[in-house]
Amino acid sequence: MFKIGYRTIKTALGTTLAVMLAQFLQLDNYVSAGIITILCIKVTKKKSLQSSWERLLACSIAIIFSFCFFEGIMYHPLIIGLMLLVFIPTTVLVRASEGIVTSTVIIFHLYNSGKITWSIIANEFTLIIIGIGIALIMNLYMPSMEKKLKDYQLAIETNFAKIFKEIEIYLVEDNYKWDGSEIIKTAKLLNEAKTMAFRDVENHFLRHEDTYYHYFKMREKQFEIIERIIPLVTSIHAAVEQSRMVADLIHDIRIHIHPGNTAQVYLNKLEVMRQAFEEMELPKTREEFEVRAALLVFIKEMERYLLIKSQFKGMNT
């Protein structure tokens, strides 16, 4: 069975109301009100408002141009083409290009009338206002994305924990194998989550910041660091005392992955561990030297990972 989305329902209902209202008011070309409504219903409130403004502006320019060209020159198909050569660049210049199609319909109405009068102009403006107004009313309702965003948050945190668990095991076990599937899944989740969070931002006119959007951006930056440290971890082929210490810290971090901001706690632990490394004996073999050097780079990357989180204001867990 096919699925009918909320936007389809809003479009069908809004179009019906717009046509009924325009017909009730006995407007000429009343079905055009429904066309305008269809064009103005968008996926977010902000896009719908922007689209409505562009169509209103473009239609206003179209009426002025129609009067100048048709009444000033003549009513002839060649004049329509001539006017469009000027009209389209003008709408692009004033950033109302989305209203070109709608305003072209208005132009044809005025051309077909054979004479532009105040009553005809009033008729066209009423069609525009009804179409845009109904679309804006329909777009007042937008389903909450809170649950879906929360699901994305939990899925991303779960994948982060899985990745860190694999790193933890790799640091203390020899010849450990991992297919890295969580890396691909997490990248996909982050892209989808950011897209949805941005849509949520555009559904709130008075809220300039969105916690979920900033949260997913923060996780995306952390994920870039994770992608960098994976090859570094796989280059470590021997377990030393320091690698076990790092593994313990990773274990602590992964079991406490959440949207709250506790990064400073682990930054302090990281600094204590770094000082402990400095007080240990120097490596005795080349292999141990290479492992400890890789671990120091790893610690530096994890410091960046935690600093990114420390700059995030946090969310309610």
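A: Here is a walk from the cavity to the helix and core.

This is a predicted model, in which local features need pLDDT of at least 70, side-chain atom pairs count only at pLDDT 80 or more, and totals for chains, interfaces and linings use all residues. Residues are numbered from 1 along each chain as its sequence is written, and side-chain values use heavy atoms, leaving out hydrogens and water.

Rolling a probe the size of a water molecule over the atoms shows where empty space is left. A cavity is a set of points on a 1 Å grid over the protein atoms alone where a 1.4 Å probe fits but cannot get out; lining residues have an atom within 4 Å of a point. Grid points are joined across faces, edges and corners, and a volume is the space filled by probe spheres set on the points.

The whole structure has one cavity of 30 Å³ or more. The largest cavity holds about 110 Å³. Its lining has 13 residues, and Ile253, His256, Ile257, Leu306 and Lys309 lie nearest the centre.

Helices here are DSSP runs (H or I, at least four residues), numbered from the N terminus. α9 (211-234), α11 (263-279) and α12 (286-310) each supply at least two lining residues. α12 gives the most, three.

Now helix α10, residues 241-254. Buried means under 20% relative accessible area (1.4 Å probe, protein chains only). Among the buried residues of α10 are Val246, Leu249, Ile250 and Ile253. The cover over the buried residues of α10 includes α7 (146-172), α11 and α12, where contact means heavy atoms within 4.5 Å.

Methods
On a 1 Å grid over the protein atoms alone, a cavity is a set of points where a 1.4 Å probe fits but cannot get out, and a pocket is an open set with protein on both sides within 12 Å along at least five of seven lines; lining residues have an atom within 4 Å of a point. The expected span of a helix is 1.5 Å times one less than its number of residues. Buried means under 20% relative accessible area, exposed over 50%, partly exposed in between (1.4 Å probe, protein chains only).
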